[in-house]
Amino acid sequence: MISNSQLVNKYFRHSKKFPHIWCPGCGIGTILGNMLRAIDTLAIDKNDIAFVSGIGCTGRAPVYVDFNTLHTTHGRALPFATGLKLARPELNVLVATGDGDATAIGGNHLIHACRRNIDITTIIFNNYIYGMTGGQYSPTTPHGDKAYTCKLGNIERPFNISALVEAAGATFVGRTTSYHTLQLQNIIKKAIQHKGFSVVEVITHCPTTYGRLNRKGSAVEMLKWQKQVAVDKSRADKMSQKELEGRIITGVLVEKELPEFCEQYDTIIEQAQNQAKGKPA
Amino acid sequence: MKKKTSYQLMQGNEAVAEGALAAGVDFFAGYPITPSTEIAEILADRLPESGGKFIQMEDEIGSIAAIIGASIGGCKTLTATSGPGFSLMQENLGFACLAEIPMVIVNVMRAGPSTGLPTSPSQGDVMQARWGTHGDHPIIVLTPSSVEEAFLYTIKAVNFSEKYRNPVIILMDEVIGHMRARVSLPPRSMVERVNRVQPNMPPEWYLPYERSATGVAPMASFGDGYRYHITGLVHDAKGFPTANPNEARDNIRGLFAKIERGFREICLVDYELMEDAEHAILAYGSMVLSARSALEQLRKSGIKVGLIKLGTLWPFPRFALEHFLPQLKTILVPELNMGQIYREVLRVNAGKAVIEKLNRVNGTIIAPDEIIKTVKGLAR
């Protein structure tokens, strides 16, 4: 496996003025690092990767890495990526998006990308909060938890992102946490290899806002919580609904083969061209 | 053997689609909306025939995002919409202005605000086209006043967007979009196609936002071996976010400078009977048709009146007006809005001639008779 220093040398932009913008203890760097390790094991040429993001803490991930990188507007990474993928089907298009970016402002784009089954790998960094704006509740903030826009507790019910994208038609859904780094690498690798729309939901921590407001302790404590609540799908399948309460099921949750959008569009081109040839001059 | 000129009966929206194909557009993303839908329907059929691609997105926000993404992949891209969809597109229009992405938006204007009068003509989006997205930004807005111009200006729009790496908006009123006319279009081989300048230096030397002598930076497509960063944040020459005041200034001022440099080329203006004119009608879009008809009759009754026809609304072609101001007593500005270009005319006029407006916002057009009556009143 690639060493950390090799990883830094090979994939980080040395011309970019580090340090990065993320807080000490943030989980985003761990997820980004393991995405790079997954890409490295697949030996994909850096020129063949487009890495697209929206707005928020997660949205800043692409600028640091040496791919074709596109930092778009809030919630819109997926439609930008859709246009890019159609223009350049040979590119591996990866999208990094947070819980607010993906499921609030970008919710419509997310479900339609799932339905369309276009070959894009979407990694959703789910830390239950709007971090960059300072800690407001997001569509995944658990019921009763606190944020700066719900100091007395959240009265909205959260999305279960993996269930949402499965229902919307994603043909690959994986979930893990920023604690389970090997599983994270492995799932991202499978998601990239999957032909079709794939979603990897990564449960992660924001010690600065969500953690502090909800007395979750340090980043280390929050990682320990991820370790405790995660239960692999193979084990979860044998557990009762009651036993699964408060647990997060991890692993590859959905994996199915359905016609991919770009490939289907190629057949449309073929048909249209044949029809046009058959037309009287 | 001499080839006979061939004529076609064509609708304005159809002419836009034909113009897009002639200009080399190979990607369209859109969302159905009256009165622009014909453009999407035609391109859904025609693009795949030549290997191009069409996608119907979940909304107009997604449509403009998809054409920006495809443009970054190297396609020539276009979308078509009307007022409500154009409002949704403003967010990513700003992205394309700042990130300098070539693309064309066709807005077939309906009467507004809000859902308005969906199948009625209006010119109410003139100021929105200029300032709809937030922040200081330059924009190019063309407005055809005939079916033939719908074809020609679409080609111009695609070419300007490629040359200046800037979004271009085509504002058509519903009359031009749905009007059918006999047109003779130039063959494909005669159509000038402009392609964005691509970098030719080794990738490690490439600075994606370092402006060349033309004021525009060469644009690499993703996947061509030039790995770089594109962002909606204010950025430096490398494309990386910056908060350095000098770099921020260079970024924003550079956007304006490239359009200022191309000002004369971008400004499409025509004059009719202006040589000896003492009075002028300044019109654009469907109002040109009414004005032209009025012109004929006014001349017959001995009034020296001419027409200044704006094909470009933004940047505002102020020289077109300034040139004639010394000879003009009055200028009439008929518009299907409350006077959006009228204010620009007032600004450029600076008190020299008498400026009169003639406005209509009820979903109907201003008929030639009304223009004749107003000009006669002014000339008296």
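**View 1. An open sheet of 9 strands with mixed pairing, drawn from strands of chains A and B.** In this predicted model, the strands follow the order S9(A)-S10(A)-S7(A)-S8(A)-S4(A)-S3(A)-S1(A)-S2(A)-S10(B). The edges are formed by strand S9 (230-232) of chain A and strand S10 (229-231) of chain B, each of which pairs on one side only. From one strand to the next, the twist averages 20°.

**View 2. The parallel pairing of strands S1 and S3 of chain A.** Strand S1 (residues 49-53) and strand S3 (residues 92-98) of chain A are joined over 5 bridges, and Ser53(A) has Ala96(A) of S3(A) as its bridge partner. Helix H7 (residues 181-193) of chain A packs on the sheet, where it touches S3, strand S4 (120-126), strand S7 (172-177), strand S8 (198-203) and strand S10 (248-255) of chain A, while the direction of the helix makes about 165° with that of S7(A).

**View 3. Helix H13 (residues 368-379) of chain B, with its buried and exposed residues.** The helix has 12 residues and reaches 16 Å from its first C-alpha to its last, close to the 16 Å expected at 1.5 Å a residue. Its buried residues are Ile371(B), Ile372(B) and Val375(B); they cover an arc of only 100° around the axis, which means that they lie on the same side of H13(B). The face turned away from this buried side carries the exposed residues Asp369(B) and Gly377(B).

**View 4. What covers the buried residues of H13(B).** The cover includes, from chain B, helix H10 (286-300) as well as strand S12 (279-283), strand S13 (305-310), strand S15 (330-335) and strand S16 (354-359).

Methods: Residues numbered from 1 in each chain as written. Chains lettered and ligands numbered in written order. Predicted model: local features only at pLDDT ≥ 70, side-chain atom pairs only at ≥ 80, totals over all residues. Helix = DSSP H or I, 4+ residues; strand = E, 2+ residues; numbered from the N terminus. Expected span 1.5 Å × (residues − 1). Buried ≥ 20, exposed ≤ 12 C-beta atoms within 10 Å, placed from the backbone. Arc of directions from axis to C-beta. Contact = placed C-beta atoms within 7 Å. Pairing = 2+ DSSP bridges. Axes fitted to C-alpha atoms, helices over the stretch in contact; angles between N-to-C directions.
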